[in-house]
Amino acid sequence: MSKKLFVGGLSWGTNEDGLHAAFERFGALEEAKVITDRDTGRSRGFGFVTFANPEDAETAMSEMDGTELDGRTIKVNVAHERNRGGGGGGGYNRGGGGGGGYNRNRW
């Protein structure tokens with residue numbers, strides 16, 4: 001079972017090859033991904049590293065958190081899946097929880 005780590009505080013110049021190189025010494029990587037802006041293609045300053053072995057991920061997290069990569073101090077945590085499901089909240093003037101998807105304060 002693999003384990004994914006969140007890596008924050010990346011330099012704008014850090015690319016996927018650099019991220020991979022920084023973490024591969026801890027074990028086999030399934031993926032090293034720098035998240036980029038859809039419109040500009042520029043790094044958003046964070047990425048994810050997925051290890052094949054969860055123990056390797058734990059070691060990497062403890063040893064890399066707070067260290068410097070490409071001139072920036074990075075933060076390394078366990079990645080948590082984003083909740084992309086429906087439900088309430090969020091969005092545009094919906095108030096609390098669900099609703100019909102319109103601006104209730106309009107009328």
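This is a predicted model: local features need pLDDT of at least 70, side-chain atom pairs count only at pLDDT 80 or more; totals for chains, interfaces and linings use all residues.

The entries below go from the sheet to the helices, the core, the salt bridges and a few single residues.

**Entry 1**

I started with the strands and found an open sheet of 4 strands, in the order S2-S3-S1-S6 and with antiparallel pairing. Which strands stand at the edges? I get S2 and S6, each with a single partner strand, so one side of each has no neighbour in the sheet. I also looked up the twist, which averages 20° from one strand to the next.

I went through the pairs next. S2 (residues 29-36) pairs with S3 (residues 43-51) in the antiparallel sense over 6 bridges. Within that pair, I noted Thr36 opposite Ser43 in S3, and Val34 with Gly47 as its bridge partner. S2 and S3 make a hairpin, with 6 residues between them. In its turn I found Gly41 with a positive phi of about 80°.

S1 (residues 3-8) is joined to S3 by 6 bridges, and the two run antiparallel. Lys4 has Thr50 as its bridge partner there. S1 is also joined to S6 (residues 75-78), this time by 4 bridges, again antiparallel. In that pair, Gly8 stands opposite Lys75.

How do the helices sit on the strands? I see H1 (residues 16-23) lying across S1, S2, S3 and S6, and running at about 140° to S2. H2 (residues 54-64) packs on the sheet and touches S1, S3 and S6. The direction of H2 makes about 20° with that of S1.

**Entry 1: the core**

I then looked up the largest nonpolar core, and it has 19 residues. Val7, Leu19, Phe23, Phe51, Ile74 and Val76 have the most contacts inside it. At least two residues come from each of S1, H1, S2, S3 and H2. Which element gives the most? I find H2, with 4 residues. Background I jotted alongside: in soluble globular proteins, nonpolar side chains tend to be buried together.

Leaving aside its neighbours within four places in sequence, Val7 is in contact with Leu19, Phe23, Gly45, Phe46, Gly47, Val49, Ile74, Lys75 and Val76.

**Entry 2: salt bridges**

How many salt bridges does a search of the whole structure find? I count 3. As background, side chains of opposite charge can pair when their charged atoms come close.

Lys3 pairs with Glu58, and their closest N and O atoms are 2.1 Å apart. This one links distant parts of the chain, from Lys3 in S1 to Glu58 in H2, 55 residues apart. I checked the accessibility of Glu58, and at 35% it counts as partly exposed.

Glu16 pairs with Lys33, with 3.6 Å between the closest N and O atoms. Here Glu16 belongs to H1 and Lys33 to S2, 17 residues apart. Glu16 is partly exposed at 32% relative accessibility, and Lys33 is partly exposed too, at 35%.

The side chains of Lys75 and Asp65 meet at 3.3 Å, N to O. Lys75 is in S6, while Asp65 is in the loop between H2 and S4, 10 residues apart. Lys75 has a relative accessible area of 43% and is partly exposed. Asp65 is partly exposed as well, at 30%.

**Entry 3: two single residues**

Is Thr50 buried or exposed? I find a relative accessibility of 7%, under the 20% cut-off, so Thr50 counts as buried. Thr50 is in S3. Beyond its neighbours within four places in sequence, Thr50 is in contact with Ser2, Lys3, Lys4, Ala28, Leu29, Glu30 and Glu31.

Last, I looked at Asp70, in the loop between S4 and S5. Its phi is near 55°, a positive value in a residue other than glycine. I noted the background for this: most residues other than glycine have a negative phi. Asp70 counts as partly exposed, at 48% relative accessibility.

Notes
Residues are numbered from 1 along each chain as its sequence is written. Side-chain values use heavy atoms; hydrogens and water are left out. A salt bridge is a side-chain nitrogen of Lys or Arg within 4 Å of a carboxyl oxygen of Asp or Glu. Buried means under 20% relative accessible area, exposed over 50%, partly exposed in between (1.4 Å probe, protein chains only). Two strands pair if DSSP finds at least two bridges between them. A nonpolar core is a set of buried Ala, Val, Leu, Ile, Met, Phe, Trp, Tyr and Cys residues joined through side-chain atoms within 4.5 Å. Contact means heavy atoms within 4.5 Å. Axes are lines fitted to C-alpha atoms, for helices over the stretch in contact, and angles run from 0 to 180 degrees between N-to-C directions.
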